[in-house]
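Below is a set of questions and answers on how the descriptions of one protein model are reached. Each answer sets a value against the definition behind it.

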Amino acid sequence: MSNGSDPSCRFREGTVRIPSGCAIAAVVSEKGDYLPPGRIVSMLAVMRERSNGLGGGFAAYGIYGYDGFVLHAMCDDMVALRRLKSYLKPRFKVVSDEPLPTRPSPRVRNAPVLARFFGNPATGPDPEQAVASMTMEVNSTVPGAFIFSSGRDMGVFKASAFPEDVAEFFRLEEYTARIWTGHGRFPTNSPGWWGGAHPFALLDWSVVHNGELSSYGTNRRFVENSGYRVSLLTDTEVIVYVFDYLVRVKGMTLEKAAAVVAPPFWREIDAMGDGGREYARVRSVYGGALLNGPFSIVLANGDGVLALADRLALRPLVVGREGHLVYVASEEAAIAAVAGAGCGVSFPAGGEPVVVSTGKGRRDHAPERAAARSQASGGSR
């Protein structure tokens, strides 16, 4: 340990903090209580060093009390907004539309035209598929317009700014939600623009992500072959589509979908014996959905969240529990800042899914996988 007087010790392991970029956070009430945004904003403020002001955002569930779909859109200018309205007119029965409420902020600059639309698809037997297809078509074909939130009774709020400034800009204090997720972005190989901020969303799904997928090309081909349009050129976009396909389209549980994107290693599957057959099957059938590279994510929908890190846990993930409140963060300090002294924390192993449901209680990890992991590693974990 360096004492500061010996230059040769200055950069030894443990003497330099590498924040590893991007902050993810979530607050969930297992009882379905509605919470103000104070906790999620404070958690991200504690992790401010992980972002650089080029992206921040939040997803909030249960904020509208409206059964239909709510589209949040950003447009380059009023011309693009008119193009979007013209596109929606024959496809989406708009009950009401209005500017997305904001307040001026000197720390949030270059704001696009922001609008929201309440309504339902005008045609088609499957309203979710209709909205999903419409959202991806807008984002890839309507110049200057981008739908960044398209779920029921939920909304995404994001901008090219620090997360606490995003919260102030979008007047988040006016909302309460059963689930809050949030993100502070440190862009690595993509531009820091409003649409590139997290969360990324499709229908009720939203994802906040810390990391980088080396499997992006494979994952992109997988979702495009499954009918999705990839247009935003970031790895997080494909994560949303992978989970939408596996859970909504294929009907998997979140735990099984987690086993597809971060499957057990083959030695662990072998150690499960007959219990490993299903893991082997989904790993073989859905190999294109396997997410490689360092990542930790929080995936949310209206029922709860899934917290998951890559199989080697190369990105940090901490889970805290205080009564019926469950916290997820990149750093324990973020949880300590908002929870009481009695809050217990855990550090999920790589590839170990943590599923938290609102109103249904926490569903902890797949036990057979944990046992196999221990056996495959000689019980050293």
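Q: Among contacts between residues at least 6 apart in sequence, what share joins residues at least 24 apart?
A: The share is 73%. A contact here means heavy atoms within 4.5 Å.

Q: What makes this a model to read with some care?
A: It is a predicted model, in which local features need pLDDT of at least 70 and side-chain atom pairs count only at pLDDT 80 or more, while totals for chains, interfaces and linings use all residues. Residues are numbered from 1 along each chain as its sequence is written, and side-chain values use heavy atoms, leaving out hydrogens and water. pLDDT is the predictor's confidence in each residue, from 0 to 100. The mean pLDDT of the protein is 90, and 89% of the residues reach 70 or more. Over residues 1–5 the value is below 50, and this stretch has 3 contacts beyond near neighbours in sequence. Residues 360–367 also stay under 50, with 17 contacts beyond four places in sequence. Where pLDDT is low, the predicted coordinates should not be read in detail.

Q: How many helices and strands does the protein have?
A: There are 11 helices and 17 strands. Both are DSSP runs numbered from the N terminus: helices are H or I with at least four residues, strands are E with at least two.

Q: Why are S4 and S6 called edge strands?
A: Two strands pair if DSSP finds at least two bridges between them. An open antiparallel sheet of 4 strands has the order S4-S5-S3-S6. Strand S4 (92–99) and S6 each have a single partner strand, so one side of each is left without a neighbour in the sheet. The twist in this sheet averages 30° from one strand to the next.

Q: How do you know that S3 and S6 pair?
A: Strand S3 (residues 69–75) and S6 are joined by 4 bridges and run antiparallel, and the rule asks for at least two. In this pairing His72 stands opposite Ser149 of S6.

Q: Why is strand S6 described as largely enclosed?
A: Buried means under 20% relative accessible area, exposed over 50%, and partly exposed in between (1.4 Å probe, protein chains only). In S6 (residues 145–149), 5 of the 5 residues are buried, so the strand is largely enclosed by the rest of the structure. For the protein, buried residues make up 55% of the 381 residues.

Q: What describes the packing of H2 and H3?
A: Helix H2 (residues 78–88) and helix H3 (residues 127–141) pack at about 145° with axes 12 Å apart. Axes are lines fitted to C-alpha atoms, for helices over the stretch in contact, and angles run from 0 to 180 degrees between N-to-C directions. Leu84, Tyr87 and Leu88 of H2 meet Met134, Glu137 and Val138 of H3. H2 also lies across S3, S4, strand S5 (113–121) and S6, at about 5° to S5. H3 lies across S3, S4, S5 and S6, at about 140° to S6.
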